[in-house]
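Hi,

Here is the structure I said I would pass on. Have a look at it first, and then read on for what turned up.

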Amino acid sequence: MSALEFHYRDGGIYFPRLRLWFDPHRAKDELAFVSHAHSDHTARHREVILTGPTARLMQARLGGKRVEHILAFGEPRMFQHDGIGFQLTLLPAGHILGSAMALIECDGESLLYTGDFKLRPGLAAEVCEPRRANVLIMETTFGQPRYKFPDSVEVMRDVVCFCRETIESNATALLQCYSLGKTQEVLCGLARAGLPIALHESAFAMTKIYEHFGHQFPAYEQLADGHGRGWVVVCPPGASRPASVQLGPSRSAVITGWALDSGCKYQNRCDVAFPLSDHADFPDLIEFVQRVQPRRVHTLHGFAADFAGTLRRLGFDSSALSEDEQLELQL
């Protein structure tokens with residue numbers, strides 16, 4: 001059995017010969033690589049491999065103590081289990097601050113695991129840096145052709161217009177977006193707008209950690225009594241606010257890649273939905289595979305089966321890990 005043979009288990013990837021996990025959803029007593037600090041990729045593992053920013057964000061969100069192997073991007077690190085040595089290199093994934101892909105090499109074989117990633121450069125994350133590998137395990141959240149995102153500069157221009165028009169009408173502009181990653185991207189997009197901004201407490205805490213790692217943002221306050229009414233208020237979807245905060249009349253917008261779906265604004269009970277995502281869209285997914293040039297591709301999450309079928313039609317040996325696939329008949 002190859003040292004890089006793996007299984008899809010507990011929402012993540014497990015290498016039994018190495019006793020190594022990639023992004024499992026449940027806490028593990030074995031070594032686990034954590035690709036980034038979003039809650040669906042973290043758990044209370046005993047021992048972890050991750051970047052410095054992910055370690056800081058994970059501590060703020062999850063707490064607890066763990067053995068940490070903190071790797072800089074591009075730094076090869078040797079690990080060993082039961083006499084089997086393997087090299088692990090973390091590469092920027094472009095998803096959020098500190099998000100990493102894992103390139104694992106052992107006995108002349110290589111495997112690249114993406115975690116959540118975005119090939120398009122963003123304003124608040126490192127630029128994604130794919131490398132060639134024999135095997136690719138990739139996230140495919142938006143793995144259907146209908147998911148092609150518009151230019152992010154144009155989207156943010158529309159967000160700014162929405163905010164200005166709302167404030168000029170003596171109302172509060174509520175922007176619903178995740179506190180980690182999307183909030184900071186939106187703040188960067190608002191940098192030159194000159195608008196008063198208040199952040200929900202969770203978004204405020206995450207933004208302070210971004211600043212610790214050198215990111216700069218326009219002036220903002222924490223959402224509180226006296227800060228928010230008639231302003232731009234950035235908060236996670238469905239988040240509650242302090243009882244003392246009265247925002248008065250408001251208009252709301254959700255900022256998500258799912259805004260390309262026609263029912264998005266109704267599902268989120270918003271006035272408008274803006275298509276801005278920290279995931280790769282369909283063209284990015286195709287380009288990513290072409291840049292890695294793997295012998296085999298395994299797709300994970302989102303439209304995994306659909307995208308695996310697309311890759312097979314393009315000539316790649318591909319299969320889905322997180323979804324059952326229907327038999328394709330060649331006519």
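Asp107 sits in the loop that links strand S9 (100-106) to strand S10 (109-113). This is a predicted model, so please read everything below as computed from that prediction. The hairpin of S9 and S10 has 2 residues between the strands, and Asp107 takes a positive phi there, near 50 degrees. That is a positive value in a residue other than glycine. Is Asp107 buried or exposed? Asp107 is exposed, with a relative accessible area of 67%.

If you want a pair to click on, Ile104 has Leu111 in S10 as its bridge partner. S10 itself is largely enclosed by the rest of the structure, because 4 of its 5 residues are buried. S10 also pairs with S11, this time in the parallel sense and over 3 bridges. There, Leu112 has Leu136 in S11 as its bridge partner.

S11 leads on to the cavity. A search of the whole structure finds 1 cavity of 30 Å³ or more, and the volume of the largest cavity is about 30 Å³. Which strand gives the most to its lining? Strand S11 (residues 135-139) does, with 3 residues. The lining of the largest cavity is made up of His41, Tyr113, Thr114, Gly115, Ile137, Met138, Glu139, Leu300 and His301. Sorted by class, that lining comes to 4 nonpolar, 4 polar and 1 charged residues.

Another residue with a positive phi is Asn170, at near 65 degrees, and again this is a residue other than glycine. You will find Asn170 in the loop between helix H2 (152-168) and strand S12 (172-176). Asn170 is exposed, with a relative accessible area of 66%.

Now the pockets. The largest pocket has a volume of about 570 Å³. How many residues line it, and which lie nearest its centre? There are 30 in the lining, and Asp40, Tyr178, Trp258, Asp278 and His279 lie nearest the centre. By class, the lining of the largest pocket splits into 10 nonpolar, 14 polar and 6 charged residues.

The second largest pocket holds about 260 Å³ of space. It is lined by 21 residues, and Lys118, Arg120, Pro121, Ser152 and Ser277 are the closest to its centre. H2 and helix H3 (182-189) are the elements that give two or more residues to this lining. The lining of the second largest pocket divides into 10 nonpolar, 5 polar and 6 charged residues.

Within it, strand S3 (residues 20-22) and strand S4 (residues 31-33) pair in the parallel sense over 3 bridges, and Trp21 stands opposite Ala32 in S4.

Cheers

Technical notes:
Residues numbered from 1 in each chain as written. Predicted model: local features only at pLDDT ≥ 70, side-chain atom pairs only at ≥ 80, totals over all residues. Heavy atoms only, no water. Pairing = 2+ DSSP bridges. 1 Å grid on protein atoms, 1.4 Å probe; cavity = no way out; pocket = protein on both sides within 12 Å on 5 of 7 lines; lining within 4 Å. Points joined across faces, edges and corners; volume = space filled by probe spheres on them. Nonpolar A, V, L, I, M, F, W, Y, C, P; charged D, E, K, R; others polar. Buried < 20%, exposed > 50% of the residue type's maximum accessible area, 1.4 Å probe, protein only.
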